[in-house]
Amino acid sequence: MRGYRAIKYTLFICCYVFWVVSAVFTAVGIYAKIAKEKDVVDTLTVDPALLLIVVGSVMFLITFLGCFGALRNVTCLLKTFLGILAVVLLLQIAAGVVGYLFTDMVMERTEKLMMKAIIRYREDRDLENAIDFIQKKFQCCGVESNEDWNQNVYFECSDTNPSLEACGVPFSCCVHLQNQTVLNTMCGYGKQRLEERSDGQDVFAVGCLEKIVWWAKNNLLLVAGLTAGLLLLEICMICLAATQISWIKKVQQQKKENVSRSKSERKDSYLYPDFYDE
């Protein structure tokens, strides 16, 4: 029974940790969604708050099945948890294989998604903060170059654009000096009008897609390690759930056999009372 308890509570603790994390994701997403203005970005692919709500809710449901099933020894919940987790694992492996075999198509789709996010910049505060974080973190601007910001209505470089940010880029595209202590949020104004020779001096000239791919290639071991760790954790949880299901079935089968044996002995005692009295 010690081995069974170890399996049971190990699975429960793993599911409980992910259950708490998923609850936090969902709560943060709901708070961010409520705090936003109405009728803003409502597309799953470019709305971080909605993405947090969906991912958190799915994780919450799956891990709840694992927590309750492991704690209460409910085989139907454990089987559902095992099946969903196995499907998720297969989908992740399939996504990795497809991404490796069709790299060009994946890059094209990613570029379109990032361009869509740039177009919707200023429409969603969470999306705006996410883009600014990526551009500052990777020291990049736009998808392929800083000229991509011309696709945004606020930064579009045209004579008919009344925006003060026309022909500019976000402040996160600016190259900040090491001794700069005050953040200049207007540093990107009019930067699209500058000649190409000034690119890289005031604003980042390299696109974020190229920088992210470059970072992934240079940190391949880290990316592979995190991916392998996640897959191994899912495999371990699947094995723990399968083992607990098998153990529960074994115990239930033994109980049935004991009950049937006791019924058979009771029946024999009624048929042969003298034999059992001896």
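User: Why is Cys 167 called buried?

Analyst: Buried means under 20% relative accessible area, exposed over 50%, and partly exposed in between, with a 1.4 Å probe and protein chains only. Cys 167 has a relative accessible area of 2%, so Cys 167 is buried. This is a predicted model, in which local features need pLDDT of at least 70, side-chain atom pairs count only at pLDDT 80 or more, and totals for chains, interfaces and linings use all residues. Residues are numbered from 1 along each chain as its sequence is written, and side-chain values use heavy atoms, with hydrogens and water left out.

User: What makes Cys 157 partly exposed?

Analyst: The relative accessible area of Cys 157 is 35%, and therefore Cys 157 is partly exposed.

User: How do you know that Cys 157 and Cys 167 form a disulfide?

Analyst: A disulfide is a pair of cysteine sulfur atoms within 2.5 Å. The sulfur atoms of Cys 157 and Cys 167 are 1.8 Å apart, and the pair forms a disulfide. The torsion about their S-S bond is about 90 degrees, so this disulfide is right-handed. Both Cys 157 and Cys 167 lie in the loop between α5 and α6, so the pair ties together parts that are 10 residues apart in sequence. Helices are DSSP runs (H or I, at least four residues), as are strands (E, at least two), numbered from the N terminus.

User: What makes Cys 140 and Cys 208 a disulfide?

Analyst: Their sulfur atoms are 2.0 Å apart. With a torsion of about 90 degrees about the S-S bond, the disulfide of Cys 140 and Cys 208 is right-handed. The pair links distant parts of the chain, 68 residues apart: Cys 140 is in the loop between α5 (125–138) and α6 (208–218), and Cys 208 is in helix α6.

User: Why is Cys 140 called buried, and why Cys 208?

Analyst: Cys 140 has a relative accessible area of 0%, so Cys 140 is buried. For Cys 208 the value is 3%, so Cys 208 is buried.

User: How do you know that Cys 141 and Cys 173 form a disulfide?

Analyst: The sulfur atoms of Cys 141 and Cys 173 are 2.1 Å apart. Their link is right-handed, with 85 degrees about the S-S bond. Both cysteines are in the loop between α5 and α6, 32 residues apart. Cys 141 and Cys 173 are both buried.

User: How many disulfides are there by this rule, and what pattern do the disulfides follow?

Analyst: The count comes to four disulfides. Counting bonded cysteines along the chain, the pattern is 1-8, 2-5, 3-4, 6-7. Cys 14 is in no disulfide, since the nearest cysteine sulfur, that of Cys 15, is 6.8 Å away. Cys 67 is likewise in no disulfide; the nearest cysteine sulfur, that of Cys 15, is 5.0 Å away.

User: Why does Cys 67 count as buried?

Analyst: Cys 67 counts as buried because its relative accessibility is 7%.

User: How do you know that α2 and α3 pack, and at what angle?

Analyst: Helix α2 (residues 48–72) and helix α3 (residues 75–101) pack at about 145 degrees, with their axes 8 Å apart. Axes are lines fitted to C-alpha atoms, for helices over the stretch in contact, and angles run from 0 to 180 degrees between N-to-C directions. Contact means heavy atoms within 4.5 Å. Among the residues that meet are Ile 62, Leu 65 and Phe 68 in α2, and Leu 77, Phe 81 and Ile 84 in α3.

User: What is the span of helix α1, and what span is expected?

Analyst: Helix α1 (residues 2–35) has 34 residues and reaches 49 Å from its first C-alpha to its last, close to the 50 Å expected at 1.5 Å a residue. The expected span is 1.5 Å times one less than the number of residues.
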